[in-house]
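Let's walk through this model from the overall layout down to a few individual side chains. Have the viewer open while you read.

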Amino acid sequence: MFENVVNINASESEERNMTTGKHVVRDIHCTQCNETVGWKYDKAYETSEKYKEGKFILEAELLSVVY
C-alpha cells in the first residue's frame, strides 16, 4: 500500500465488493502503456478499513521494469 504513486492515470470511482468489504475504488493505469497496474481506495465503509482511504495498491504481477 502506497501513499503516493507517479506516472498513473485514474479511472472514475466505483463501489466494489473486495475481500475486505465494500469500498469505493478507482483503477489506476500506467501513463505510458495505459495498462491497469492497481487501484486507489477512495472510501471504506467499515471503520476498521478507513486507514486505506486515499492509498494506492500496485499489483506486482502487473508491473514490469522499464530500462
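What follows goes from the overall numbers to the strand pairing and then to a handful of residues.

## Ground rules

This is a predicted model, so local features are reported at pLDDT of at least 70 and side-chain atom pairs at pLDDT 80 or more, while totals for chains, interfaces and linings use all residues. Residue numbers run from 1 along each chain as its sequence is written, and side-chain values use heavy atoms, with hydrogens and water left out.

## The big picture

There are five strands and zero helices in the protein, with helices (H or I, at least four residues) and strands (E, at least two) taken as DSSP runs and numbered from the N terminus. Along the sequence that reads β-β-β-β-β. The C-alpha trace spans about 40 × 20 × 20 Å along its principal axes.

Of the 67 residues, 27% are buried. Here buried means under 20% relative accessible area, exposed means over 50%, and partly exposed is in between, with a 1.4 Å probe and protein chains only. The protein exposes about 4900 Å², and carbon and sulfur atoms supply 47% of that; the areas come from the Shrake-Rupley method with a 1.4 Å probe, and for residues only the protein chains shown count as cover.

On the charge side, there are 8 positive and 12 negative side chains, and the centres of the two sets lie 6 Å apart. Lys and Arg count as positive, Asp and Glu as negative, and His and the chain ends are not counted. Each charge is placed at NZ of Lys, CZ of Arg, CG of Asp or CD of Glu.

For contacts (heavy atoms within 4.5 Å), take the pairs at least 6 apart in sequence: 25% of them join residues at least 24 apart.

## How the strands pair

Two strands count as paired if DSSP finds at least two bridges between them. Here are the pairings, each with one example of residues that face each other.

| Strands | Sense | Bridges | Example pair |
|---|---|---|---|
| β1 (residues 8-10) and β3 (residues 21-30) | antiparallel | three | N9 and H29 |
| β2 (residues 14-18) and β3 | antiparallel | five | E15 and V24 |
| β3 and β4 (residues 36-44) | antiparallel | seven | R26 and K40 |
| β4 and β5 (residues 56-58) | antiparallel | three | G38 and L58 |

Strand β3 is a partner of β1, of β2 and of β4. Strand β4, in turn, also pairs with β5.

What about the turns? β2 and β3 make a hairpin with two residues between them. The hairpin of β3 and β4 has five residues between the strands, and N34 there takes a positive phi near 65°.

H23 sits in strand β3, and its bridge partner in β4 is A44. Is H23 buried or exposed? With a relative accessible area of 1%, H23 is buried. Its side chain makes a polar contact with the side chain of T20 at 3.0 Å. A polar contact is a pair of N or O atoms within 3.5 Å; within protein, one must be able to donate a hydrogen and the other to accept it, and residues adjacent in sequence count only if both atoms are side-chain atoms.

Leaving aside neighbours within four places in sequence, H23 touches a list of residues that includes E14, R16 and M18, along with Y41, E49 and K52.

K52 belongs to the loop between β4 and β5. At 6% relative accessibility, K52 is buried. The K52 side chain makes a polar contact with the side chain of E49 at 2.6 Å. Beyond four places in sequence, K52 is in contact with M1, T20, H23 and Y41.

## Two more residues for contrast

V6 lies in the segment before β1 and is exposed, with a relative accessible area of 62%. The C-alpha atoms of V6 and H23 are separated by 23 Å, and the two are 17 residues apart along the chain.

G21 has its place in strand β3. At 24% relative accessibility, G21 counts as partly exposed.
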